[in-house]
Amino acid sequence: MAADPIHDDVDRVLLDEAQIHDKLTELGRRISADYAENPPILVGVLKGAVMVMADLARRIDLPVEMDWMAVSSYGSGTKSSGVVRILKDLGADITGRHVLIVEDIIDSGLTLKWLLANLRSRGAASVEVCALLRKPEAARVEIDVKYVGFDIPTEFVIGYGLDYAERYRNLPYVGVLKRSVYED
């Protein structure tokens with residue numbers, strides 16, 4: 001039995017726990033200042049954004065509400081097709097409210113583009129995005145992201161909410177998954 005099998009699948013750590021927490025503190029301060037007069041409702045995108053949402057919310061010095069959506073873009077299974085289904089919708093009415101979508105990662109941007117349009121069509125006063133990670137080279141559509149933690153290379157990353165086959169979300173850092181784990 002391996003001593004630490006979950007970490008053995010990591011090729012290298014891209015962002016350690018301290019880097020992530022420092023960036024979330026910075027983002028929380030910016031969000032607190034920007035929304036001081038109109039606190040937003042934070043909308044986390046399940047499941048990946050759970051860690052980001054929890055840690056970011058604690059760093060926002062405003063009375064914010066939190067809600068969740070689960071969406072699925074189906075296609076080849078590893079790439080977003082941009083065709084989206086809502087698996088879990090918001091519980092709150094966002095009409096006239098300021099909405100801040102909280103994402104773990106922006107890859108192609110197709111699902112997020114759809115989500116932005118969907119939430120704007122519901123009459124929100126504003127809809128902005130906060131993403132811990134963004135892969136600029138993987139973008140297939142242009143999206144204005146107000147708050148970005150880190151731009152990262154186009155590699156398969158796991159940890160801090162990011163998964164491969166529902167594993168590795170609980171790693172306290174963002175790491176690059178060894179190719180041998182997902183390539184046969």
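Trainee: Which residue forms a salt bridge with Lys 47?
Mentor: Glu 166 does, with the closest N and O atoms 3.2 Å apart. A salt bridge here is a side-chain nitrogen of Lys or Arg within 4 Å of a carboxyl oxygen of Asp or Glu. Keep in mind that this is a predicted model: local features need pLDDT of at least 70, side-chain atom pairs count only at pLDDT 80 or more, and totals for chains, interfaces and linings use all residues. Residues are numbered from 1 along each chain as its sequence is written, and side-chain values use heavy atoms, without hydrogens and water.

Trainee: Where do Glu 166 and Lys 47 lie?
Mentor: Glu 166 is in the loop between β8 (157-158) and β9, and Lys 47 is in the loop between β2 (41-46) and α3, so the pair ties together parts 119 residues apart in sequence. Helices (H or I, at least four residues) and strands (E, at least two) are DSSP runs, numbered from the N terminus.

Trainee: Is Glu 166 buried, exposed or partly exposed?
Mentor: Partly exposed, at 47% relative accessibility. Lys 47 is partly exposed too, at 46%. Buried means under 20% relative accessible area, exposed over 50%, partly exposed in between (1.4 Å probe, protein chains only).

Trainee: What else does Glu 166 bridge to?
Mentor: Arg 169, with the closest N and O atoms 3.3 Å apart. Arg 169 is buried, at 17%. Lys 47, Asp 163, Glu 166 and Arg 169 are linked in a network of salt bridges.

Trainee: How many salt bridges are in the whole structure?
Mentor: The search finds 13. One of them joins Asp 107 and Lys 135, with the closest N and O atoms 3.6 Å apart. Asp 107 is in the loop between β5 and α4 (110-120), and Lys 135 is in the loop between β6 and β7, so this pair ties together parts 28 residues apart in sequence. Asp 107 is partly exposed, at 36%, whereas Lys 135 is buried, at 7%.

Trainee: New topic. Which residues touch the most other members of the largest nonpolar core?
Mentor: Among them are Leu 24, Ile 31 and Leu 56, in a core of 27 residues. Such a core is a set of buried Ala, Val, Leu, Ile, Met, Phe, Trp, Tyr and Cys residues joined through side-chain atoms within 4.5 Å. Elements that each supply at least two residues include α2 (17-34) and β6 (126-134).

Trainee: What is Ile 31 in contact with?
Mentor: Contact means heavy atoms within 4.5 Å. Leaving aside neighbours within four places in sequence, Ile 31 is in contact with Leu 56, Ile 60, Leu 62, Leu 100, Cys 130 and Tyr 147.
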